[in-house]
Amino acid sequence: MKNVNNKISVGILGATGMVGQRFISLLEDHPWFEVVCVAASERSAGKNYAEAVGDRWAQKKSIPKKIGKLLVYSVEHDIETIAGKVKFVFSAIEAEKEFIKHIEESYASVGIPVVSNNSAHRWTKDVPM
């Protein structure tokens, strides 16, 4: 899915954690990608991003205003909704490896490529490093 500004629409899984926050910082004003969707645990789902992160934001720059207003989806239960909004996702999930594998495979199974920061699939034969 392309935006009107011709940037590629992407999502971030595990967006409220430290690595997810770093992805948001790195992708702010990126020339190719636009973060249009953020997902995290059930604890954060249903809140806007700024509210979900609260005082745990640990980056040098403030939360980008546009990202701060985004609704946080459930990384586990809103897969179809997220898949309808993005071309691919960056995974920054902080969890047990089996859970990470399950989630990343769930996104891949609905046709959403996953660019992962995790090692859960490091030895999976059909997953490129």
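This text walks through the fold of one protein, from its overall plan down to single residues.

The model is predicted. The protein has five helices and five strands. Follow the chain from the N terminus, and the elements come in the order β-α-β-α-α-β-α-β-α-β. Of the 129 residues, 44% count as buried. Residues 24 or more positions apart account for 68% of them.

Next comes the sheet. It is an open sheet of five strands, with parallel pairing and the order β3-β2-β1-β4-β5. β3 (72-74) and β5 (114-116) stand at the edges. Each has a single partner strand, so one side of each is left without a neighbour in the sheet. On average, neighbouring strands are turned by 35° against each other, direction ignored. Take one pair as an example. β2 and β3 pair in the parallel sense over three bridges. Val38 has its bridge partner, Val72, in β3.

Helices lie across these strands. α1 lies across β1 (8-13), β2 and β4. Its direction is at about 160° to β1. Helix α5, residues 97-109, lies across β1, β3, β4 and β5. Helix α5 runs at about 155° to β5.

Now zoom in on single residues. Is Phe88 buried or exposed? Phe88 sits in strand β4, residues 88-91. Its relative accessible area is 13%. The cut-off for buried is under 20%, so Phe88 is buried. Which residues does Phe88 contact, leaving aside neighbours within four places in sequence? They are Ile8, Ser9, Val10, Gly11, Phe33, Ile112, Pro113 and Val115. Val115 is 27 residues away from Phe88 along the chain, yet their C-alpha atoms are separated by 7.6 Å.

Loops hold buried residues too, and Gln59 is one of them. Gln59 lies in the loop between α2 (49-53) and α3 (65-68). With 16% relative accessibility, Gln59 counts as buried. Not counting residues up to four places away in sequence, Gln59 touches Met18, Gln21, Arg22 and Ser25.

Asp29 is another loop residue, placed between α1 (18-27) and β2 (33-40). Its relative accessible area is 64%. Exposed means over 50%, so Asp29 is exposed. The backbone of Asp29 has a feature to check as well. Its phi is near 60°, a positive value in a residue other than glycine.

Conventions: Residues numbered from 1 in each chain as written. Predicted model: local features only at pLDDT ≥ 70, side-chain atom pairs only at ≥ 80, totals over all residues. Heavy atoms only, no water. Helix = DSSP H or I, 4+ residues; strand = E, 2+ residues; numbered from the N terminus. Buried < 20%, exposed > 50% of the residue type's maximum accessible area, 1.4 Å probe, protein only. Contact = heavy atoms within 4.5 Å. Pairing = 2+ DSSP bridges. Axes fitted to C-alpha atoms, helices over the stretch in contact; angles between N-to-C directions.
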